Amino acid sequence: MTQNNETKVLTPEQIENNKQQIIDIYRNCVKREGSDKLLDYLINKSDFFTAPASTRFHGAYDGGLAQHSLNVYKCFKAYLERDRVRELYNLNASDETIAVCALLHDICKVNVYTRGTRNVKNEETGQWEKVPTFFFDDGLPYGHGEKSVYMITGFTLFKLSPMNCYPFMITQL
């Protein structure tokens with residue numbers, strides 16, 4: 001994995017647009033018991049739409065988590081629409097499963113990033129400079145996927161299907 005040295009900034013309008021797209025997809029696709037409470041949590045009690053997706057790699061900027069989740073949704077949906085995937089591999093998933101798996105796969109990253117600074121050596125001057133950064137401070141250090149599933153089950157009921165293939169293994173009770 002390479003470090004992302006590019007500083008990306010989303011405008012407030014881009015952050016709001018990503019938020020609205022996710023809310024619209026979620027409301028149109030996710031109908032499971034408790035899904036309304038989970039959406040309320042994301043909107044009103046978490047930083048899901050403004051948090052970074054990581055400290056230094058993909059989506060390491062304000063709104064990166066929501067943008068990353070939306071990108072995963074679009075890629076996952078497009079992948080499952082390929083004829084080869086449907087016909088040769090016989091992979092299918094409902095719109096609800098696609099939305100839950102893609103949009104919520106990194107829910108474990110809400111409310112765990114804090115702002116700070118770190119020292120970086122300026123290549124031109126040779127001087128150390130403070131630059132803004134994010135720090136990861138997780139009070140519930142489960143594994144990445146396990147924590148996301150654990151958090152979702154606090155709102156919505158899931159069970160494992162006979163298919164042992166994440167992300168298709170999560171189905172409604």
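Buried residues are those with under 20% relative accessible area, exposed residues those over 50%, and partly exposed residues those in between, with a 1.4 Å probe and protein chains only. By that scale Arg 86 counts as partly exposed, because its relative accessibility is 38%. The model is a predicted one, in which local features need pLDDT of at least 70 and side-chain atom pairs count only at pLDDT 80 or more, while totals for chains, interfaces and linings use all residues. Residues are numbered from 1 along each chain as its sequence is written, and side-chain values use heavy atoms, with hydrogens and water left out.

**Overall layout**

- The secondary structure of the protein comes to six helices and four strands, where helices (H or I, at least four residues) and strands (E, at least two) are DSSP runs numbered from the N terminus.
- Read from the N terminus on, the elements follow the order α-α-α-α-α-β-β-α-β-β.
- Of the 173 residues in the protein, 39% are buried.
- Among the contacts in the protein with a separation of 6 or more, 59% come from residues 24 or more positions apart, a contact being heavy atoms within 4.5 Å.

**Packing of helices α1 and α2**

- Helix α1 (residues 12–29) and helix α2 (residues 35–44) have axes that come within 11 Å and cross at roughly 175°; the axes are lines fitted to C-alpha atoms, for helices over the stretch in contact, and angles run from 0 to 180 degrees between N-to-C directions.
- That crossing makes α1 roughly antiparallel to α2, given that angles under 35 degrees count as roughly parallel, over 145 as roughly antiparallel, 65 to 115 as roughly perpendicular and the rest as oblique.
- On the α1 side the contact is made by Lys 19, Ile 23, Tyr 26 and Arg 27, and on the α2 side by Ser 35, Leu 38, Leu 39 and Ile 43.
- Sorted by class, this contact of α1 with α2 has five nonpolar, one polar and two charged residues, where Ala, Val, Leu, Ile, Met, Phe, Trp, Tyr, Cys and Pro count as nonpolar, Asp, Glu, Lys and Arg as charged, and the others, Gly among them, as polar.

**Aromatic pairs**

- The structure holds three aromatic pairs, a pair being rings of Phe, Tyr and Trp (its six-membered ring) with centres within 6.5 Å, and planes under 30 degrees apart counting as stacked, over 60 as edge-to-face and the rest as tilted.
- One of these joins Tyr 41 and Phe 155, whose ring centres are 5.3 Å apart and whose planes stand at 35°, so the pair is tilted.
- Because Tyr 41 lies in helix α2 and Phe 155 in the loop between α6 (144–153) and β3 (158–160), the pair ties together parts that are 114 residues apart in sequence.
- Tyr 41 counts as buried at 17% relative accessibility, whereas Phe 155 counts as partly exposed at 27%.
- Tyr 113 and Phe 136 form an edge-to-face aromatic pair, with 5.4 Å centre to centre and 65° between the planes.
- Here Tyr 113 belongs to strand β1 (residues 113–121) and Phe 136 to strand β2 (residues 128–136), so the pair ties together parts that are 23 residues apart in sequence.
- Tyr 113 is buried, with a relative accessible area of 12%, while Phe 136 counts as partly exposed at 46% relative accessibility.

**Cysteines**

- A search of the whole structure finds zero disulfides, a disulfide being a pair of cysteine sulfur atoms within 2.5 Å.
- Cys 101 counts as buried at 6% relative accessibility, and Cys 108 counts as buried at 5%.

**Positive phi in loops**

- Asn 90 is not a glycine, although it has a positive phi of about 55°; this residue is found in the loop between α4 (83–87) and α5 (95–104) and is exposed, with a relative accessible area of 56%.
- Asn 111, also not a glycine, has a positive phi of about 60°; Asn 111 is placed in the loop between α5 and β1 and counts as partly exposed at 40% relative accessibility.

- Arg 86 lies in helix α4 and, leaving aside its neighbours within four places in sequence, is in contact with Leu 80, Glu 81, Leu 91 and Asn 92.
- Ser 69 is found in helix α3 (residues 64–80) and counts as buried at 0% relative accessibility.
- With neighbours within four places in sequence left aside, Ser 69 is in contact with Phe 48, Ala 102, Leu 103 and His 105.
- Between Ser 69 and Gly 59 the C-alpha to C-alpha distance is 9.8 Å, and the two are ten residues apart in sequence.
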